[in-house]
Amino acid sequence: MDFTPTEEQEAARELAARIFADLATHERLGAAGSGTDTELWKALCAAGLPGAVEETGLLGLVLLLEEQGRVTAQVPFAASCVYGILAVTRHGTEEQRARLLPGLRDGTTVVTGAFPERGAVVSRDGRLSGTVEWVPWLRDASHVLVPDGNGALWLVRTEDAARVDPVELTAPWSAGRLVLDGAPGERLGDVEGDGAGGVGAAAGADVLAAARIAFAGLQAGVCAGSLARAVEYTSVREQFGRPLSTHQAVQLRAADAHMDTEAIRVTAYEAAWRFDEGLDATGAALTAAWWASEAGKRVVHAGQHLHGGMGADLDHPVHRHFLWGRQLDAYLGCGTELLAELGDLLAEGDPS
């Protein structure tokens, strides 16, 4: 295992960090409300960062999402890359890649995903029906990647949906409720292997694993940003004549949060590395997602707690990290659900 970024991955991360730092300021995030920062999204696409994921792989995407999470930048970067670029690159036909990837690279096509699949949507003769209660960044998306009851993947244009109702989440992800009533869908990839356990199900499981890894990387950034704000605040805020950071209880709480953040990061890196190397990453994806859920909750609570009364201010930047962290801890499965899946996976394998 080698998590050392390549020159291309490091260059992409540095560029993303500069763009996010320049444009995802506290003032701009406040002005955006629960919507997307379209200027920031255009800047990221103009810099070629979504398209760079084709070369840098899932590990490269995790590095970029860390930088997004540090500042809680409100753009559909994670969704469009994992449900769009990576899904089309890995599972689309040659014709689909040629047709869809240019728009995904320049941001004119935005894809989100109606995951995880829980039998909410059924397909019949290329028509999809069902309701997904909330889909992140659906209000920004031109297409939504929908897994049917067998795990096969379908691209549906949002304009073909019966309804897209705005939904407000804990985090401002421009979410929506997706209602399909015989909407035409384009099957992603070859049509052979439909049915439970077939090629279609494998594609759906592959995209779900990639999404869990990518959003774990986003959570690592959210936690790192929350902790950095807490360290800065406790270093200058004084109590009883000395900085809060000199108190042992504060130091221990921050240290625990640091170790939790590193656990999220390293498990996300390992899972992404396995995914890019073509190794079985299912268990690693569940492990990374579990750490992102359980440890992520602890970190963002600690970040807010270490701010004392300021942490209760809804307009304070650290509160945004808290909201994102709590949203991410339940997205694509909460800790107990992920642990149950991981237990089933281990029970199916060799006990040794």
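An axis is a line fitted to C-alpha atoms, for a helix over the stretch in contact, and angles between N-to-C directions run from 0 to 180 degrees. Helices (H or I, at least four residues) and strands (E, at least two) are DSSP runs numbered from the N terminus. This is a predicted model, in which local features need pLDDT of at least 70 and side-chain atom pairs count only at pLDDT 80 or more, while totals for chains, interfaces and linings use all residues. Residues are numbered from 1 along each chain as its sequence is written, and side-chain values use heavy atoms, leaving out hydrogens and water.

Q: Are H4 and H5 roughly parallel or antiparallel to each other?
A: Helix H4 (residues 49-71) packs against H5 at an angle of about 150 degrees, and their axes are 10 Å apart. Angles under 35 degrees count as roughly parallel, over 145 as roughly antiparallel, 65 to 115 as roughly perpendicular and the rest as oblique. The relation between H4 and H5 is therefore roughly antiparallel.

Q: Is the crossing in which H4 passes H5 left-handed or right-handed?
A: A crossing is left-handed if the near helix is turned anticlockwise from the far one by less than a right angle, and right-handed if clockwise. Where H4 passes H5, the crossing is left-handed.

Q: Is H5 roughly parallel or antiparallel to H6?
A: Helix H5 (residues 77-91) and helix H6 (residues 94-106) have axes 9 Å apart and pack at an angle of about 155 degrees. That makes the direction of H5 relative to H6 roughly antiparallel.

Q: How many polar residues does the contact of H5 with H6 have?
A: From H5, Ser80, Gly84, Ile85, Val88 and Thr89 take part, and they meet Gln96, Arg97, Leu100, Leu101 and Leu104 in H6. The contact of H5 with H6 has five nonpolar residues and one charged residue, and its polar residues number four.

Q: Is the crossing of H1 and H3 left-handed or right-handed?
A: Helix H1 (residues 7-23) and helix H3 (residues 38-46) have axes that come within 11 Å and cross at roughly 160 degrees. H1 and H3 are therefore roughly antiparallel to each other. The crossing of H1 and H3 is right-handed.

Q: Which residue of E7 is the bridge partner of Asp165?
A: E6 and strand E7 (residues 176-184) pair in the antiparallel sense over four bridges. In E7, the bridge partner of Asp165 is Arg177.

Q: Which residue in the turn between E2 and E3 has a positive phi?
A: E2 and strand E3 (residues 127-135) run antiparallel and are joined by four bridges, with Ser123 opposite Leu128 in E3. The two strands form a hairpin with two residues between them, and a positive phi of about 55 degrees belongs to Asp125.

Q: Which residue is the bridge partner of Leu155 in E8?
A: Strand E5 (residues 153-157) runs antiparallel to E8, joined by two bridges. In E8, the partner of Leu155 is Glu186.

Q: Is Asp329 buried or exposed?
A: Asp329 lies in the loop between helix H10 (317-328) and helix H11 (335-348). Leaving aside neighbours within four places in sequence, its contacts include Gln219, Lys297 and Cys334. Buried means under 20% relative accessible area, exposed over 50%, and partly exposed in between (1.4 Å probe, protein chains only). With a relative accessible area of 5%, Asp329 is buried.

Note on methods
Contact means heavy atoms within 4.5 Å. Ala, Val, Leu, Ile, Met, Phe, Trp, Tyr, Cys and Pro count as nonpolar, Asp, Glu, Lys and Arg as charged, and the others, Gly among them, as polar. Two strands pair if DSSP finds at least two bridges between them.
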